[in-house]
Amino acid sequence: MTLPSVSPAIEFAEVSLRYGEGMRTSVALDSVALSMKPRSFVGILGPSGSGKSSLLYLASGLKQPSAGEVRVAGRELAKLSAAEMVALRRSMFGIVFQQPYLLHYLSAAENIGVGLPQREMNAAEKVGELALRLGIDSLLHKLPHELSGGERQRVCIARAVIGSPPILLADEPTAALDHANGHEVMNLLVSCREFATVMVVTHDPEMLEGADMVVRMRDGRVEDVSVSQ
Amino acid sequence: MIRTTSIQNPLSAWLYFRRNPARNLPVVVALALAVVLVAGIVTIVSSVDQTVLTMYGYQRYLSIVTPRNALRLSDELRSEVIKLVPNARTFDVIPAWTNVRTVFGKMPFPIMGVAHQDREFLAEACGVSLVTGRWPAKGAPEIAMSEAIAKNRDLKLGDIVLDPKSEDNFAAEPMKLVGTLRGPVWLAVASAEFVRDRFPVAIHGLAVIGASEQSQRSIDVLLDKQLDKSTARAWTYRTLVRDTRDALSSLYLMMRVIVVIIAVTVALLAGMLAGIHFGQRLGEFATLVAIGYSQRFLLRRIVGEIAILCVVAWTLGLLVTVAMLFGLAKWVMEPRGLLLDPMYPAAYLYTLPVPFALGVFSLVTVTRRLHKMDAVSVIERR
């Protein structure tokens, strides 16, 4: 699936996210309004607890907002059935988490294959081509425990993008990596802008060089949005 | 070279089973052992039934009428029986007794004192023939018996079968084995004249043999229904089966209880293990949910994994059981003349509840946990 280039890829309309009830309510997001263009690289920046990860989980439909609307390619996520939500997540999103989790009994190639939206006859060729493009072709036969943290995260990115999703979401993908590995992973994510809207959550502004848009979050609110010209 | 099939379907249940032997092996071994245990118990318990019906299997081909409160049938009773079954052959039988070993202890087996002119007819009716030695001579202390009984008693031609000094196998004078018989049922015969003279308190019976096994069934029913039970008793295959089943009913009930206990125990343990394994795989399931796999897909996959585990373990259990029981029958039971059927079908049917219970318990445990799982919490905690 591809996104129409005119409508926003992801749109948050006055979105709030609260946990608990009554006096014990804690606010993770408060009236967030944001719009991300197709094939743009958007960085979400902020300290711990600022609500940046919540924003990502709302975008992917893994969490539901307490108020407001989240739209992906013009479709309001709250109105989708569970089955439609699963189908949307499979076809439109690639997700990369802070901890590069891979299935321990599968090789890197097989782990990448897990990301394919459906069973394909040419899955091996697809994985091979992508791995070559991402520079991880030498890792394909290895099991997760044979890979370094950076290598595992690159395999996770490959798993996220193997189905050519129009939206790529990454939650602190460099947090568990050293500086050099972090930069390599970030460059990889930037390169995904060619085919997808990339939303990256991080607390490290250095990692967002070259971003089309940087959203600064604090205490669940959007503090600042800077768009590069 | 990248393996194409596993990349096409990396989440196949079979691939998971093959790649996680350390996780699956304990459950496979537990289930296989439970199958061995259940099939072993059922086969051994069933051998009691099988032993009785084989030992006294000659009753399929003849019925014996014996008097009540007397050593001999009255002439009236004898005439009544002959009148009831006009087409059957009847002749006198006077039994001496020997004890044969079984898995559940010694059991008495009749050495039929049969007249010279009747014994070959009796043997032929039972499908038994003389294979070594000869038939007992008229009035002589001699016995011809099936090879299986001789093996069970550890006897060879010329050995003493019944002895005045024996507690279990008594005769007023030593009786020798002079011939062995072979056939589908066990049979032992002696001279009618000798038994009549030397076993003064033996009950004299009247053997009734029909023209075929089918007509024997009708004779059995007729004798069972028509004879006055206060004066005579008909010993038929029908009553043998009924009495055996009645006698063993408590044993079978206990066996079923044991099977249920084993199945539930293994299922509970496997269910707990499945829960532990699920806990260890939370990250895997949460990631798969997060990247867009439905709960339905994951459940299908779990069902597949459990089904493979059950089928593999059950098959392994069956193979081990068959090998073990064949070994037991060949090297332990047969040399002692004891009966055991390693391929008794009911024994294997009784094992089916074990994998079924394991599958259901494991599935219920994992399904409940999967439904409760919050993928985001798991991922954030990681």
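Biologist: What share of the 229 residues in chain A is buried?

Modeller: Buried residues make up 54% of them. The term means under 20% relative accessible area, with exposed over 50% and partly exposed in between, for a 1.4 Å probe and protein chains only. This is a predicted model, where local features need pLDDT of at least 70, side-chain atom pairs count only at pLDDT 80 or more, and totals for chains, interfaces and linings use all residues. Residues are numbered from 1 along each chain as its sequence is written, chains are lettered from A, and side-chain values use heavy atoms, without hydrogens and water.

Biologist: Why is A:Cys192 called buried?

Modeller: Its relative accessible area is 2%. The cut-off is under 20%, so A:Cys192 counts as buried.

Biologist: And why does B:Cys126 count as buried?

Modeller: B:Cys126 has 1% relative accessibility. That also falls under 20%, so the label holds.

Biologist: How many disulfides does a search of the whole structure find?

Modeller: Zero, over all chains. A disulfide needs a pair of cysteine sulfur atoms within 2.5 Å. For A:Cys192, the nearest cysteine sulfur belongs to A:Cys156 and is 13 Å away. That is beyond the cut-off, so A:Cys192 is in no disulfide.

Biologist: Which helices and strands does chain A have, by count?

Modeller: Six helices and 10 strands. These are DSSP runs: H or I of at least four residues for helices, E of at least two for strands, numbered from the N terminus.
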